[in-house]
Amino acid sequence: MTYDTQTVPERLVAFLPNLRRFAISLCRSRELADDLVQMACERAILAADSFVPGSRFDAWMFRILRNLWIDHLRRQKTAGPQGDLEDARDVSIPSGEAASLARMDLLEVTAALQKLPAEQREVLVLVCVEEFSYRDAAEVLAIPIGTVMSRLARARKNLMELTGISFGERRSPDSKGGVL
C-alpha cells in the first residue's frame with residue numbers, strides 16, 4: 001500500500017508524534033496537547049472527504065489542530081487555570097552527566113521557546129522542528145510567506161537572546177563583511 005492510497009485514519013496513526021509535538025509547542029501542556037490531538041483526529045476522520053488526495057496531509061492536520069487551539073484560546077477566557085509543561089518532567093533520556101546536561105539544555109530551550117510570542121513560536125516549530133518549507137508554513141498559518149520569514153527571523157533572534165547564545169564574533173559596523 002502506497003502512502004497515497006492510505007486512508008485518513010491510516011495516515012493519522014503514523015503522524016501522531018508530529019501532531020502531538022506541535023500541539024505541545026502551542027499549548028505548553030501535555031494533557032491539553034493530547035486532548036487537542038484527539039479532537040484533531042476526530043475532526044479529520046469526520047472530514048476525511050474534504051482531504052484532497054495528493055495534497056500535503058501534514059499541513060492539513062496542522063491547520064486543523066491550530067484551528068482547534070485558537071478555538072480553545074477563545075473559550076479559555078472564561079475557563080480556569082491550565083497545566084504547565086514544567087509539571088510534566090517525564091522526558092525519557094539515558095542517565096548520567098551527559099543526560100543531565102541534555103535535560104538542562106532542553107528545559108532551558110523549552111522555557112525560552114515558551115517565552116516567545118505565540119506567532120513566533122508557531123512559525124519556529126513548523127519550520128525548524130517539523131521541517132516545513134516557508135510556503136507550507138505560510139499555508140498552515142494562513143499568512144504571507146514574507147510574514148513567515150520575518151516572524152522566523154525574530155523568533156530565532158529572540159530565542160538566541162533568551163538562551164544566551166551568541167556567535168562569538170560581531171560584524172564591524174564600519175565595514176561590510178568585516179569582523180571585529
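1. Overall fold. This is a predicted model. Of contacts between residues at least 6 apart in sequence, 60% join residues at least 24 apart.

2. Burial and surface. The chain has 180 residues, and 35% of them are buried. Its accessible surface is about 11,300 Å². Carbon and sulfur atoms account for 55% of that surface.

3. Nonpolar core. The largest nonpolar core contains 44 residues. Those with the most contacts inside this core are Leu19, Phe57, Trp60, Met61, Phe62, Leu65 and Leu126. At least two core residues come from each of helix H1 (8–27), helix H2 (30–46), helix H3 (57–76), helix H4 (97–115), helix H5 (118–129), helix H6 (134–141) and helix H7 (145–163).

4. Leucine 126. What does leucine 126 touch, leaving aside its neighbours within four places in sequence? Its contacts are Phe22, Phe62, Glu131, Phe132, Ala137, Val140 and Leu141. Two of these, Phe22 and Phe62, fall within the residue ranges given for helix H1 (8–27) and helix H3 (57–76).

5. In one of them, the side chains of aspartate 34 and arginine 20 meet at 2.5 Å, N to O. Aspartate 34 belongs to helix H2 and arginine 20 to helix H1, so this pair ties together parts that are 14 residues apart in sequence. Both partners are partly exposed: aspartate 34 has a relative accessible area of 34%, and arginine 20 has 29%.

6. Glutamate 130 and arginine 21. These side chains form a salt bridge at 3.0 Å, N to O. The pair links distant parts of the chain, with glutamate 130 in the loop between H5 and H6 and arginine 21 in helix H1, 109 residues apart. Glutamate 130 is buried, at 9% relative accessible area, whereas arginine 21 is partly exposed, at 39%.

7. Arginine 66 and glutamate 122. Here the salt bridge spans 3.1 Å, N to O. Arginine 66 lies in helix H3 and glutamate 122 in helix H5, 56 residues apart. Is this pair buried or exposed? Both arginine 66 and glutamate 122 are buried.

8. Salt-bridge network. Arg56, Asp58 and Asp136 are joined in a network of salt bridges.

9. Serine 29. This residue sits in the loop between H1 and H2. Serine 29 is buried, with a relative accessible area of 7%. Its side chain reaches the backbone nitrogen of leucine 32 at 3.2 Å.

10. Cysteines. How many disulfides are there? With the rule that the two cysteine sulfur atoms lie within 2.5 Å, the count is zero. Cysteine 27 is buried, at 9% relative accessible area, and cysteine 41 is also buried, at 13%.

Technical notes. Residues are numbered from 1 along each chain as its sequence is written. This is a predicted model: local features need pLDDT of at least 70, side-chain atom pairs count only at pLDDT 80 or more; totals for chains, interfaces and linings use all residues. Side-chain values use heavy atoms; hydrogens and water are left out. A nonpolar core is a set of buried Ala, Val, Leu, Ile, Met, Phe, Trp, Tyr and Cys residues joined through side-chain atoms within 4.5 Å. Buried means under 20% relative accessible area, exposed over 50%, partly exposed in between (1.4 Å probe, protein chains only). Helices (H or I, at least four residues) and strands (E, at least two) are DSSP runs, numbered from the N terminus. Contact means heavy atoms within 4.5 Å. A salt bridge is a side-chain nitrogen of Lys or Arg within 4 Å of a carboxyl oxygen of Asp or Glu. A polar contact is a pair of N or O atoms within 3.5 Å; within protein, one must be able to donate a hydrogen and the other to accept it, and residues adjacent in sequence count only if both atoms are side-chain atoms. Accessible areas come from the Shrake-Rupley method with a 1.4 Å probe; for residues, only the protein chains shown count as cover.
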